[in-house]
Amino acid sequence: MTTSFLNPVTTQTWTNGRHLVRCVKVIQETWDVRTFCFMAEQPVLFFFKPGQFVTLELEIDGEPVMRSYTISSSPSVPYSFSITVKRMPGGKVSNWLHDNLKTGDELAVHGPVGNFNAIDYPADKILMLSGGVGITPLMSMARWFFDTNAAVDLEFVHSARTPGDIIFHRELEHIFSRIPEFKLHIVCERSDELGEAWAGFRGYLSQAMLELMAPDFMDREIFCCGPTPYMNAVKRLLRDNGFDMSRYHEESFGATPADVQEEVLEHAEQAEVEAGEVDVSELLSVEFSASGKSVRIQPGETVHAAASKLGLHIPKACGMGICGTCRVPLTSGQVEMEHNGGITDEDVEEGYILSCCSKPVGDVVVEY
């Protein structure tokens with residue numbers, strides 16, 4: 001890095017959208033987990049809310065693929081950002097990243113977005129609960145609290161399969177050894193049969209364990225991320241104790257884009273069939289100004305479905321208003337948008353919508 005790289009006149013600030021970045025480092029965290037670090041050719045300050053995610057735009061076997069990953073680094077280290085990826089059996093994208101993405105490779109990312117973050121839910125006392133690679137958004141939050149000397153009483157509970165599967169183990173021990181208000185608790189599902197020494201909690205997270213780790217867990221703001229069964233078990237435990245679930249937050253996007261895309265296609269086909277049964281006077285006009293194309297759709301169909309009818313491909317990864325990839329400018333008209341955190345309030349104020357979950361209310365014009 002040269003001194004000119006840090007020139008404030010040429011440095012940009014990260015905003016939600018499509019950005020080209022280059023992989024500058026690959027770190028082997030555990031035997032099946034790697035961290036990929038990215039920077040921009042043109043200096044960018046990667047400011048985001050700890051816990052948010054980005055969507056990678058990739059090409060695998062000649063086909064475009066979009067996949068969302070949480071940012072594991074902290075915005076307190078602003079000239080780069082990182083994602084931490086676990087190799088999954090049969091995982092098309094995770095395995096491709098492990099086998100192919102190397103230092104120097106360039107790719108496009110979309111984001112950052114996400115409602116699951118430490119900024120929107122400030123609290124003096126926090127409990128973080130993570131399982132496996134679900135540690136990534138919570139690690140971003142913990143790094144942020146540590147680097148900014150935040151006045152936070154933090155209990156951090158992480159569950160791993162074995163001692164060898166503890167992601168960020170040495171860094172966690174360093175962070176939590178420096179600040180008395182930060183306390184670390186690690187649970188290993190198993191260790192004896194692997195010949196690994198482990199003196200900490202063993203088995204699965206239980207109420208008895210939680211009461212030993214954080215006796216005041218009922219008084220804390222809780223952030224949770226992990227496999228779906230893990231998060232469901234945590235929610236059952238909390239509900240059984242009468243916890244105020246408005247103070248419980250979890251990362252809500254999952255790696256099921258293929259299923260969602262098939263469902264969306266089925267809905268689109270069904271909509272085409274039903275369109276013949278609708279009064280023509282009820283149809284709504286959706287115009288795509290940049291393409292010079294327009295189509296009439298029935299009430300309840302999305303802008304994305306309208307684009308598909310015209311053969312226009314608006315990239316998307318989730319189809320549920322989570323990843324933010326399908327963001328487009330709405331230049332005229334109104335839509336009902338039921339998203340899941342994939343767009344910021346600032347983007348909405350500037351006129352952007354997520355096409356996958358935006359249903360026109362009257363005629364609309366979209367710049368695409």
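Q: What is the relative accessibility of Arg161, and is the residue buried, partly exposed or exposed?
A: This is a predicted model in which local features need pLDDT of at least 70 and side-chain atom pairs count only at pLDDT 80 or more, while totals for chains, interfaces and linings use all residues. Residues are numbered from 1 along each chain as its sequence is written, and side-chain values use heavy atoms, with hydrogens and water left out. Buried means under 20% relative accessible area, exposed over 50% and partly exposed in between (1.4 Å probe, protein chains only). Because its relative accessibility is 32%, Arg161 counts as partly exposed.

Q: Which residue meets Arg161 in a salt bridge?
A: A salt bridge is a side-chain nitrogen of Lys or Arg within 4 Å of a carboxyl oxygen of Asp or Glu. The partner of Arg161 lies in the loop between S2 and S3, 129 residues apart from Arg161, and is buried, with a relative accessible area of 4%. At 3.2 Å, N to O, the side chain that meets Arg161 is that of Asp32.

Q: How many residues apart in sequence are the parts that Asp216 and Lys125 tie together?
A: The side chains of Asp216 and Lys125 meet in a salt bridge of 2.6 Å, N to O. Asp216 lies in the loop between helix H4 (207-213) and strand S13 (221-225), and Lys125 in strand S9 (residues 125-131), so the separation is 91 residues.

Q: Which residues are linked with Lys125 in a network of salt bridges?
A: Lys125 is partly exposed, with a relative accessible area of 28%. The network of salt bridges links Lys125 with Asp153, Glu155, Asp216 and Arg220.

Conventions: Helices (H or I, at least four residues) and strands (E, at least two) are DSSP runs, numbered from the N terminus.
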